[in-house]
Amino acid sequence: KGGGIEMVDQWRITSDHSGVADVTANWERNDNSEYGSIGTGMTESSGIFTFPSTGIYRVDANATLYTSGGGSDYVQVQIKATTNNSSYSASSIGFGFADGADKYSNIAIITIIDVTDTSNVKVKLSLTQNSANTPKLAGATNLNRTYMTFTRLGDT
């Protein structure tokens, strides 16, 4: 039988992430009362996400950007992936513009990952940008501002 989706899970950052770096802290699984998941979800450690089983996964990242100290010509967010549990490279890149202080913008990016080995294939979220005015990724504990959604689409 065709079956359908066997796993979907969602994680968000609970407080703002500052700096041009991987998002390594303050991740939590969505715990709102209306949230629903399917199957065994992802595990997370220091911003690195481990898949629960092999298969083809869709990974969505939504980043809400906030500039508090001035504008940034562009802001770049990446979903980075590894196939050897060591060397990460950009799997998907999104750009946003934040031209001025106290401005918000949004970046949504998607990638498809073939998880052939759950010990070695992993993903993480990273923030980069090109000017001195470092933007923040907005976080919250009661709603999704910057978050990732993981959906297992089928067998590898």
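**Entry 1: D22**

I started with D22 and found it in the loop between strand 2 (17-18) and strand 3 (27-29). I'm working from a predicted model, by the way.

Next I looked up who touches D22. Leaving out residues up to four places away in sequence, I got H17, K80, K124, L125 and S126.

**Entry 2: the nonpolar core**

Then I went to the largest nonpolar core, which has 28 residues. Which members touch the most other members? They are F51, V77, M148 and F150. I noted the strands that each supply at least two residues of this core, among them strand 1 (7-13), strand 7 (72-82) and strand 12 (147-154). Strand 6 gives the most, with 5 residues.

Skipping residues up to four places away in sequence, its partners include M42, Y57, V59, I113 and F150.

**Entry 3: L153**

Last stop was L153, in strand 12. Its relative accessibility is 46%, so I wrote it down as partly exposed. L153 touches I56, Y57, R58 and I112, again without residues up to four places away in sequence. I checked G55 too: it is 98 residues from L153 in sequence, yet the C-alpha to C-alpha distance is 7.3 Å.

Note on methods. Residues numbered from 1 in each chain as written. Predicted model: local features only at pLDDT ≥ 70, side-chain atom pairs only at ≥ 80, totals over all residues. Heavy atoms only, no water. Core = buried A, V, L, I, M, F, W, Y, C linked by side-chain atoms within 4.5 Å. Buried < 20%, exposed > 50% of the residue type's maximum accessible area, 1.4 Å probe, protein only. Helix = DSSP H or I, 4+ residues; strand = E, 2+ residues; numbered from the N terminus. Contact = heavy atoms within 4.5 Å.
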